[in-house]
Amino acid sequence: MTANAQREISGYSPFKGHQVYYIALDRPQPKGVVLLCGPFPTERLYALAPWMRWARYLNRRGYAAIRFDYRGTGESTGCFADFGFDDWLSDTEHMSKWAQALYPDSPLVLHGMAMGGLLAQQVFAKGT
């Protein structure tokens, strides 16, 4: 793997009886790991391409980057009508812990877009 090489890994993280879909842009010994907390689900379609370009930009500069879909949205399991902000806050906390476990020696950056910024701020305020 060259210094600028990236590896995109997609998968599901089990959480509360559902599967949270993620794409991780991996790096050996990253400078840090950036958890990308996306916008409200109705904005996902328009934000997905620029969000992935941003993840790849960060990855080329030495950071691991992880984006995920909240439960009931995108590629994650569940029905949208069954979930709300408190659930998506739990998803953000879960994925923060998951990212920290995946990269225990790297600092974690919570980076959100729109609603994701509010969720990231709440997770940060709780001590992550």
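Is E8 buried, partly exposed or exposed? At 37% relative accessibility, E8 counts as partly exposed (buried is under 20% relative accessible area, exposed over 50%, partly exposed in between, with a 1.4 Å probe and protein chains only).

This is a predicted model: local features need pLDDT of at least 70, side-chain atom pairs count only at pLDDT 80 or more, and totals for chains, interfaces and linings use all residues. Residues are numbered from 1 along each chain as its sequence is written, and side-chain values use heavy atoms, leaving out hydrogens and water.

E8 forms a salt bridge with R56, the closest N and O atoms being 2.6 Å apart (a side-chain nitrogen of Lys or Arg within 4 Å of a carboxyl oxygen of Asp or Glu). R56 lies in helix α1 and E8 in strand β1, so the pair ties together parts 48 residues apart in sequence (helices are DSSP runs of H or I, at least four residues; strands are runs of E, at least two; both are numbered from the N terminus). R7 forms a salt bridge with D26, at 2.5 Å. Here β1 is tied to β2. R7 is partly exposed at 42%, while D26 is buried at 14%.

Now turn to helix α2. Its buried residues include W88, L89 and H94. The buried residues of α2 pack against β1, β2, β3, β4, β5 and α3 (contact means heavy atoms within 4.5 Å).

W88 also belongs to a cluster of ring pairs with F40, F68, Y70, F80 and F85 (ring centres of Phe, Tyr or Trp, its six-membered ring, lie within 6.5 Å; planes under 30 degrees apart are stacked, over 60 edge-to-face, the rest tilted). F68 is buried at 3%. Y70 is buried at 3%.
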